[in-house]
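Let's go through some of the labels used for this fold and see what backs each one up. Here it is.

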Amino acid sequence: MGSIVAENRKSLMLFSGRGFPELAEEIGQVLGVAPTPSDSYEFANGEIFVRFKESVRGSDAFVVQSVTEGVNRWVMETLIMIDALKRGSAKRITVVLPFYPYSRQDKKHRGREPISARLVADLLKTAGANRILTVDLHTAQIQGFFDGPVDHLFAMDTLADYVQKKYAGRPMTVVAPDSGRVRVAERWTDRLGGCPLAFIHKTRDPLKPNQVVANRVVGEVEGRVCLIVDDMIDTGGTIAKAADILFEEGAADVIVASTHALLSDPATERLKNSRISELVVTNTLPLAPEKQLDKITVLSIAPLLARAIREVFDDGSVTTLFGGLS
């Protein structure tokens, strides 16, 4: 006999970064597999060390990392985890980034600026990642930065189901906080049965990050529940000012649905003092206890991520999770 024939077996292994291990645990519970134990720590000078306690040879490895506050630390830990898996002979490495870091730096506005979202993709590829799985990219073009498959998931169904149940029977208008979010808002109007669409015309000073000037609202908002939709809430300036102008135009109520709750200071204080009645977010990022306001509702993204991971492992179709939306 001139060859050895082996049974083709596949093994799914889940790995958790330290950014938000609770999310990886929840994904593991849905999948029925626990995250692989590891030794992860930092040396006195800040260097990160990672070693997995079980063999990863030949595995289909899924690295879950929520790149939360202290972004650069968690990006570096992710790269080190990927390198450890590659050198441990994992067969395929999929990086699960619920929130893609540096996604706002996806193009050059002026000369001598970086395109940091592309740099992150290059780093992941160089480290050994074969595939990226992420949720609600800031712009869809980021998918093209990575030289390999990118599974782009959408949290809209998770958020919309909650909004529909809680605000059923009340006239609603979907509001894009700026012209760049209009396409996303259009998907929301379709998802909510064809309700009206409005958007906020605003300007932003490129020399002053996180500062917004809201000008006026275009669309039907008077006497209606206004649902502002966005991919992320950082310092809260955009939605706070948008809420003010919506009430000036006669809105009955203002709620916000957003996938990623960065909530960098002074977001918590702004939300607390704003006229927004509810902010609905997902747990792509951890929410510190001091940021958990009564008006913030957190929905779990773990079931969606687990279903997508299973489809990737089974060589199925991730797109079918969204009815062909991509």
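Q: How do you know which way the side chains of S1 point, and are they buried or exposed?
A: Leu12, Leu14 and Ser16 point one way from S1, Met13 and Phe15 the other, and all are buried. Buried means under 20% relative accessible area, exposed over 50% and partly exposed in between, with a 1.4 Å probe and protein chains only. In a regular strand, side chains alternate between the two faces of the sheet. Keep in mind that this is a predicted model: local features need pLDDT of at least 70, side-chain atom pairs count only at pLDDT 80 or more, and totals for chains, interfaces and linings use all residues. Residues are numbered from 1 along each chain as its sequence is written, and side-chain values use heavy atoms, with hydrogens and water left out.

Q: What makes S1 a mostly covered strand?
A: Five of the five residues in S1 (residues 12-16) are buried. Strands (E, at least two residues) and helices (H or I, at least four) are DSSP runs, numbered from the N terminus.

Q: What makes S1 and S4 a pair?
A: Two strands pair if DSSP finds at least two bridges between them, and five bridges join S1 to S4 (residues 60-64), running parallel. Leucine 12 stands opposite aspartate 60, and leucine 14 faces phenylalanine 62.

Q: Why are S1 and S7 called edges of the sheet?
A: The open sheet has five strands in the order S1-S4-S5-S6-S7, with parallel pairing. S1 and S7 (150-153) each have a single partner strand, so one side of each is left without a neighbour in the sheet.

Q: Why is H2 called roughly parallel to H3?
A: H2 (residues 71-87) and H3 (residues 116-127) pack at about 25°, with their axes 8 Å apart. Axes are lines fitted to C-alpha atoms, for helices over the stretch in contact, and angles run from 0 to 180 degrees between N-to-C directions. Under 35 degrees counts as roughly parallel, over 145 as roughly antiparallel, 65 to 115 as roughly perpendicular and the rest as oblique, so H2 is roughly parallel to H3.

Q: Which residues of H2 and H3 meet?
A: Thr78, Leu79, Ile82, Asp83 and Lys86 in H2 meet Leu123, Leu124, Thr126 and Ala127 in H3; contact means heavy atoms within 4.5 Å.

Q: How do you know that the buried residues of H4 share a side?
A: In H4 (residues 156-166), Met156, Leu159, Ala160 and Val163 are buried. They cover an arc of only 95° around the axis, so they sit on the same side of H4; the arc is that of the directions from the helix axis to the C-beta atoms.
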